[in-house]
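Biologist: Please bring up the model with its sequence, and I will ask about it step by step.

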Amino acid sequence: MRFIGITGGVGAGKSEILQYIRQNYECEIYLADQVAHLVKQPGTKAYGELTALLGQDVAGSDGQIDKAVMADKIFAEPALLERVNEILHPAVKEYLLERLEEARASGKTELFFVEAALLIEGGYLALVDEMWYIYADEAVRRERLRRSRGYSEEKISRIMASQLTEEMFRKNSDFVIDNSGGLEESCRQIDRRLKGCGSAKPACKPDT
């Protein structure tokens, strides 16, 4: 089984790449953002630590941590962001490693994928077998974000400035998928990389 990290800048098209992989290969796919939601559910260690740090009022009437309230607290006191990350990032990593061991033990999964924009910064290079970088030209990314998310140029520039440069992504990746053009060409690149892995109507596990 191959443990593969998938990363890339905003608007690079990571979601469509993962959708193709999900439909065509024996795999398990986890999105770090969704895992972060799971690990802060009521009753978890991270939930207790976050409510202790941010106050009980960070939880809504349903008991779930309210993302908007948490964001407001961090905006009012930016130093909290690092402390929140110190709680969530290890919890996400622990969850993923547990799922990885389960997948290995089952012997049914050929490919185990984790996707996040911050995999490299988060120390996953030491964990994955391969790091894939989904690349797309900046002009293409900007157009995608304007069209699909309605982002302003200012917002796009701000997000891009906060992420790794193309040079750093490439330097720390084992494989680069150029997703600037059509998805068909990107899929051919993936198929060449994964040659030998099963692909006929696989029982892929959906994102958790």
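Biologist: Does Glu86 count as buried or exposed, and at what relative accessibility?

Modeller: This is a predicted model, in which local features need pLDDT of at least 70, side-chain atom pairs count only at pLDDT 80 or more, and totals for chains, interfaces and linings use all residues. Residues are numbered from 1 along each chain as its sequence is written, and side-chain values use heavy atoms, with hydrogens and water left out. Buried means under 20% relative accessible area, exposed over 50%, and partly exposed in between (1.4 Å probe, protein chains only). Glu86 therefore counts as exposed, at 52%.

Biologist: Which helix holds Glu86, and what separates the C-alpha atoms of Glu86 and Ala46?

Modeller: Helices are DSSP runs of H or I with at least four residues, strands are runs of E with at least two, and both are numbered from the N terminus. Glu86 has its place in helix H5. Along the chain, Glu86 and Ala46 are 40 residues apart, and their C-alpha atoms are separated by 10.0 Å.

Biologist: How are H3 and H5 oriented to each other?

Modeller: Axes are lines fitted to C-alpha atoms, for helices over the stretch in contact, and angles run from 0 to 180 degrees between N-to-C directions. H3 (residues 45-54) and H5 (residues 79-106) pack at about 175°, with axes 10 Å apart. Angles under 35 degrees count as roughly parallel, over 145 as roughly antiparallel, 65 to 115 as roughly perpendicular and the rest as oblique. H3 and H5 are therefore roughly antiparallel.

Biologist: Which residues of H3 make the contact with H5?

Modeller: Contact means heavy atoms within 4.5 Å. On the H5 side are Leu80, Arg83, Val84, Ile87, Leu88 and Ala91; on the H3 side are Ala46, Glu49, Leu50, Leu53 and Leu54.

Biologist: What is the orientation of H4 to H5?

Modeller: H4 (residues 67-76) packs against H5 at an angle of about 130°, and the axes are 6 Å apart. That angle makes H4 oblique to H5.

Biologist: How many residues of the contact of H4 with H5 are charged?

Modeller: The contact joins Met70, Lys73 and Ile74 of H4 to Leu80, Leu81 and Val84 of H5. Ala, Val, Leu, Ile, Met, Phe, Trp, Tyr, Cys and Pro count as nonpolar, Asp, Glu, Lys and Arg as charged, and the others, Gly among them, as polar. The division is 5 nonpolar, no polar and, for charged, 1.

Biologist: How many helices and strands does the protein have, and what share of its residues is buried?

Modeller: The protein has 9 helices and 5 strands. Of its 208 residues, the buried share is 43%.
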